[in-house]
Amino acid sequence: MYVTVRRWTVRAGLAIAVAMALLSITAGPAKRRMALSALVLLVIPAGLTGAALWRSGVQASVLRADPEAILSDPALRSVALTNGEHVFAQHCASCHGATGKGDRTLGASDLTDGETLYGIGSVAQIEDIARYGIRAGNKHGWNLAVMPAYARKVPDAAEALPPQSPAQIEDLTQYILAFTNRATDAAAVRRGLAAYTKAGCWDCHGRDLGGDPAIGAPNLTDSVWLYGGRPEDIRRTLERGRAGTSPAFARVLTAAELRNVAVYTASLAHRRQDRT
Ligand code: HEC
Ligand code: HEC
């Protein structure tokens, strides 16, 4: 549809320009000046209207397209990224950072690393997160699990889990550090493995600590950390729990803005993957 609009605008613009040019050649100086100003007055707005029509045509196509196909279509990609970057700067950058690198004090994900808490990071999944949020009180959003607070008597509201003593939390921390070759106490790592089983960690993070994208439980074996991977960060996570929130923008952004920002966000991870 946008191609048709563009062709039509170009043809109309050309016709007007040719008519005006003929008039300015055949007419006297005064009429010539009038014709020239008319040319400017007509062609420029026609061009601008044409460009606006073209953009809104492409935007409509961005909404109709298969979300996963947009980044590989040059025209759709260009409009979605230009508009999406603007939405990101206004509504997402405050937590995820201007370049999408995230914020560990807020637990706001690094959106450029290609690792996802939920799903696989498809445009459609990102769009759902932008629309309905994570733990944002929207019934369509993600809210299946939180990280329990193991220093509390009742670590989790939803599931009966045993609290962990400060010594056990230390052992668990050593156990997790072992996966990135940073453990300093081998005996503590062994006790940590037992504690990991008894405390029910595996139920969410998996027996291999690989995480669970169906409930947003992070992988604990790599160097991607939501809240930081220093021993004190991990200890703090185990003691007091975590439950990061990404807002629901369903009532804030239009369907087009949500699609654009999802495409833009997906492109941040793609760019990184293209380089590696
Ligand atoms: C108030 C801070 C805040 C704002 C604003 C915000 N987010 Fe988030 N976002 C978060 C936090 C915190 C998380 C991690 C949630 C969790 O722990 O499960 C997150 C997670 C995400 C995820 C999942 C990332 C992953 O690792 O799987 C996506 C996608 C996302 N946000 C997109 C957006 C987009 C797009 C916007 C803007 C339209 C946005 N967010 C605005 C705080 C925010
Ligand atoms: C009920 C499910 C559940 C259980 C049980 C659970 N976790 Fe978690 N854990 C989560 C979720 C969900 C998150 C992410 C929280 C967020 O996104 O804000 C998380 C986050 C973490 C993090 C932070 C990772 C990062 O990238 O910063 C660590 C470390 C962790 N868990 C370790 C453990 C350990 C050790 C246990 C057992 C003592 C455990 N978890 C038990 C669900 C669980």
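Modeller: The chain of this predicted model contains 10 helices and 0 strands, so that its pattern along the sequence reads α-α-α-α-α-α-α-α-α-α. Its radius of gyration is 28 Å, well over the 19 Å that the globule rule gives for 276 residues, and the chain is therefore more spread out than a compact globule. Along the principal axes, its C-alpha atoms occupy a box of roughly 100 × 35 × 25 Å. Of the 276 residues, 29% are buried. Where contacts link residues at least 6 apart in sequence, 63% of them join residues at least 24 apart.

As to the surroundings of ligand 2, the shell consists of 32 residues, and the closest are Met147, Cys201, Cys204, Tyr227 and Gly244. Helix 6 (166–178), helix 8 (201–205) and helix 9 (231–240) are the elements that each supply two or more residues to this shell. Helix 8 provides the largest share, with 4 residues. By class, the shell around ligand 2 comprises 22 nonpolar, 6 polar and 4 charged residues.

Ligand 1 is surrounded by 25 residues, of which Cys92, Cys95, Ser109, Gly244 and Ser246 are the closest. Here the elements giving two or more residues are helix 4 (93–96), helix 5 (123–132) and helix 10 (255–275). The shell around ligand 1 divides into 14 nonpolar and 11 polar residues, with no charged residues.

Definitions and conventions: Residues numbered from 1 in each chain as written. Chains lettered and ligands numbered in written order. Predicted model: local features only at pLDDT ≥ 70, side-chain atom pairs only at ≥ 80, totals over all residues. Near = placed C-beta within 6 Å. Nonpolar A, V, L, I, M, F, W, Y, C, P; charged D, E, K, R; others polar. Rg over C-alpha atoms; globule rule 2.2 N^0.38 Å. Buried ≥ 20, exposed ≤ 12 C-beta atoms within 10 Å, placed from the backbone. Contact = placed C-beta atoms within 7 Å.
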